[in-house]
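Here is a short note on the salt bridges. Please read it beside the model.

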Amino acid sequence: QVQLVESGGGLVQTGGSLRLSCTAAGSIFSINVMGWYRQGPGKQRELVASISGGSTNYADSVKGRFTISRDNAKNTVYLQMNSLKPEDAGVYYCYADVAIYSGSGFRAYWGQGTQVTGSS
């Protein structure tokens, strides 16, 4: 099995910064895309950022403020969040498309979520 463990959430003031981390562990042959979704209060889950190889993708609402990066040797993805706004608050979920053996194909695995709470 594959587990994704997130860390780094917390309480942050408007304009502040946080860095989220997510490490994938378990039976991993290869990881394709890694990324972050979030779900704010009363909102649907939305894609925040993703990274695959050297390519990154961001939601328009976070472009220029958030940076996604990845350490393939550690099976870890990071989300550096700067200039945080109240609307950035929510539960942030890490995901990874993982192949557990050669030829198995990729499937998505999710973390348990980490809370980002804003304060003014």
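1. Basis. This is a predicted model, where local features need pLDDT of at least 70, side-chain atom pairs count only at pLDDT 80 or more, and totals for chains, interfaces and linings use all residues. Residues are numbered from 1 along each chain as its sequence is written, and side-chain values use heavy atoms, with hydrogens and water left out.

2. Asp-60 and Lys-63. The structure holds four salt bridges (a side-chain nitrogen of Lys or Arg within 4 Å of a carboxyl oxygen of Asp or Glu). One of them joins Lys-63 to Asp-60, at 3.1 Å from N to O. Asp-60 is exposed, at 65% relative accessible area (exposed is over 50%, buried under 20%, partly exposed in between; 1.4 Å probe, protein chains only).

3. Arg-38 and Asp-88. The closest N and O atoms of this salt bridge are 2.9 Å apart. Arg-38 sits in strand E4 (residues 30–39) and Asp-88 in the loop between strand E8 (76–81) and strand E9 (90–99), so the bridge ties together parts 50 residues apart in sequence. Strands (E) are DSSP runs of at least two residues, numbered from the N terminus. Both partners, Arg-38 and Asp-88, are buried.

4. Asp-88 and Arg-65. Asp-88 also meets Arg-65 in a salt bridge, at 2.7 Å from N to O. This pair links distant parts of the chain, 23 residues apart: Arg-65 lies in the loop between strand E6 (55–58) and strand E7 (66–71). Asp-88 has a relative accessible area of 0%. Arg-65 counts as buried too, at 11%.

5. Network. Which residues are linked in a network of salt bridges? They are Arg-38, Glu-46, Arg-65 and Asp-88.

Notes. Helices (H or I, at least four residues) and strands (E, at least two) are DSSP runs, numbered from the N terminus.
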